Structure formats: structure tokens, C-alpha cells
Amino acid sequence: MKKIAVLLLLLSIFLTSCGNVAPKKTEIFAMDTFMQLQVWGDETLLSEATARIYELESAFSVTRENSELFLLNQKGRGALSAHGTSLLSQAIVLSERSEGAFDPTVYPFVRAWGFTEQTQGVPSSKTLDALFPFVGTEHVHANENTVTLDEGTMLDFGGIAKGYAAQSCAELLQDAQAALLVLGGNIQTVGTKPDGSDWNIGIADPKNSSQAIAKLRFQGSMAVVTSGGYERFFEENGKQYHHILDPKTGYPVQNELASVTVLAQNGVLADAFSTALFVMGLEKASEFWRASDDFEVVFILNDGSIFATEGAASLLYDCEFTVIER
Ligand code: ADP
Ligand code: MG
């Protein structure tokens, strides 16, 4: 009897450790988008991750009147939390690396178009021209956790906050067996699922975002971040205007790209560069990738064709694509 009991116990341990254990899931609305979090293993970490996202949302919102970012933008000077300080310093480094294609000081333009306001509309070129002197990371002066902004300069973490949240949660979830975070267009995988199967990540079809135009499969932790003009836009006089702006012109980016998906170990970098590469366009973005070694890219063009850098190409399936070589 004793032997059978021990055998049953061992069998149940074996089954729970290698069986296809279901993850614990939750869905929330935060940072202006729907999010789904799944955790395998230590399920208490799920509520910690959710709490972290809400904490970061209330720190980084540009519109909430008591967020640290709102207060800094209002007063032109202020102290940031440890998260705020870390995010700002990373944002500045990534902005400089992308030669300003990603720029956290683009907020005066974002506001002029109304993207963070109740109503959107095309601003006059005179309005935009008047804002150029305020845009550029040279107007941000950070000294440890205290930040001073030149007059008129304002910060917007909209192009990087979800990446920071995903990265921060991934660190918090290191001790879970595995996790999958879908924060709008930001996907973060952590570890390997109990059954050892690959992560399967779809890249949204820009023309019909509920469907995948391409799929990626891989093992282990990765940030997969998509930026596209199809995600947020308004129409005026029959023309569409979307929310990713070229900081050098103040206008929504218009080039051959419909979306850019960046794969990287670092979620903050993946988020900043998905926006930056979208601004750069296919050719400049490909050159930028050739000069880098810490991310891979899938480009979806307006005509539906797909271009993938070598490292991304090896993970793509269920689609035709052109490989971008080093
Ligand atoms: P999403 O937040 O929809 O996933 P992105 O990561 O590309 O998409 O971020 C777009 C947001 O970032 C915009 O809504 C705006 O707040 C801000 N933004 C727009 N253009 C830029 C830019 N060139 N650099 C940095 N932030 C930008
Ligand atoms: Mg981004």
C-alpha cells in the first residue's frame, strides 16, 4: 500500500511539473489599451504584475492631473520616481541612438493634433512651426531624479511606457515558470511554457487588425512590439491622420510602411525602436538595423508585402517575405 501511495505521489508531482498546466489569466484596461496577462507557475505574481502596470500607468500618464509626468510638464521642473528616472534616461539614450526619430519631447506636436485630447484635428502649419523650438531632447536637463525642462518643452512617454511596463513585469515574473503579456501592441514572453511548446505570436494585418498577416514562433523570453498607423487615427476631409509623428516635420509619418514589429530582449528598446523605425521608413530603418546588434524587425508595407531582417526571418512562418540581409 505504502509503495502505491509513494508511486501515486511521484506520478502526480511528475504530471503537474511537466503536464500542460493551464495559466492563470487576467484582462485589464490600462494605459489606454486592453491588456491580457497570463502566468504559469507562481500565480501570486499575476496580481503583482497587474499592480505594477497600474502603478506605472498613474506615474506616466500625460493627461492625469496628478501623475508625475503631468506635474513635470506643468511646472517645468520636478522630481521623478525611480521608475520615471529610469524610463527618462532610457528614452533619451534611445532617442539619441535613433537620431531623434523616436523623441519623448514630441508632446507639443501630439497635443496640437489632439491625440491626447478629446477632439483631434489638423493644426495649421503656423501652429506647428511655432512648436519646433520646444522639441528635442537637448531641452531636457536631468540631474539624478530631478528634471528641468526648457520653457515650452513637454515629455510624452506614450511611445515607450508600455514597453517599460512589459520590461518591468518581465523582471518581476522571472520566478514564474512562464508568462505571456499582451499590452496592446506590446507582447512580452517570459520563460518556457510547462509543455515546452513554442511561443506563437501573430503580427496583426494592418488592414484587418483582428487577423494575423504573419506569425512568429520561438522559445524563451522576448519583447515583440508593433507600431502602426492603423492603431490610432482620425479622419478629416476624407484623409486619415495617425498618431505617429515625425519629430522633424510635426506631421504624421507617411511612407511605404503600414507597421513595424521589433523583436528584442529589452522591452523598452523594442517599444522606442518600433516607433523610430516606423518614422525612418524601410530603407533608413534597414540601415539602422545593419548598424545594430540588439534587435530584429518585421516590416509590413502598405501593399501588404513583408520584409524581415535575417534574425526575424528565421522565426517567421505562414507567410511569404523578403529577407533583409546584413
Ligand atoms: P502605441 O502606443 O499605439 O502602441 P507607439 O508605441 O508607436 O504606438 O507610440 C505612439 C505614441 O507615442 C503616440 O500616441 C504619441 O503619444 C507618441 N509619439 C508619436 N510620435 C512619436 C515619436 N516620433 N517619438 C516618440 N513618441 C511619439
Ligand atoms: Mg513605441
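The model is predicted: local features need pLDDT of at least 70, side-chain atom pairs count only at pLDDT 80 or more, and totals for chains, interfaces and linings use all residues. Residues are numbered from 1 along each chain as its sequence is written, chains are lettered from A and ligands numbered from 1 in the order in which they are written, and side-chain values use heavy atoms, with hydrogens and water left out.

**Helix 4**
- Helices (H or I, at least four residues) and strands (E, at least two) are DSSP runs, numbered from the N terminus.
- Just after helix 4, Glu99 has a positive phi of about 50 degrees.

**Strand 13**
- In strand 13 (residues 257-264), 8 of 8 residues are buried.
- Strand 13 runs antiparallel to strand 10 (residues 222-228), with 6 bridges, and antiparallel to strand 14 (residues 296-301), also with 6 bridges (strands pair if DSSP finds at least two bridges).
- Val260 stands opposite Ser227 and opposite Phe299 in strand 14.

**Magnesium ion (ligand 2)**
- The protein donors are Gly159 (O), Asp271 (O), Asp271 (OD) and Thr275 (OG1), 2.2 to 2.5 Å from the ion (donors: N, O and S atoms within 2.8 Å of the metal, 3.2 Å for Na, K and Ca; water is not among the atoms, so sites may look incomplete).
- Gly159, in the loop between strand 5 and helix 7, and Thr275, in helix 8, are 116 residues apart.
- Thr275 counts as buried because its relative accessibility is 13%.

Note on methods
Buried < 20%, exposed > 50% of the residue type's maximum accessible area, 1.4 Å probe, protein only.
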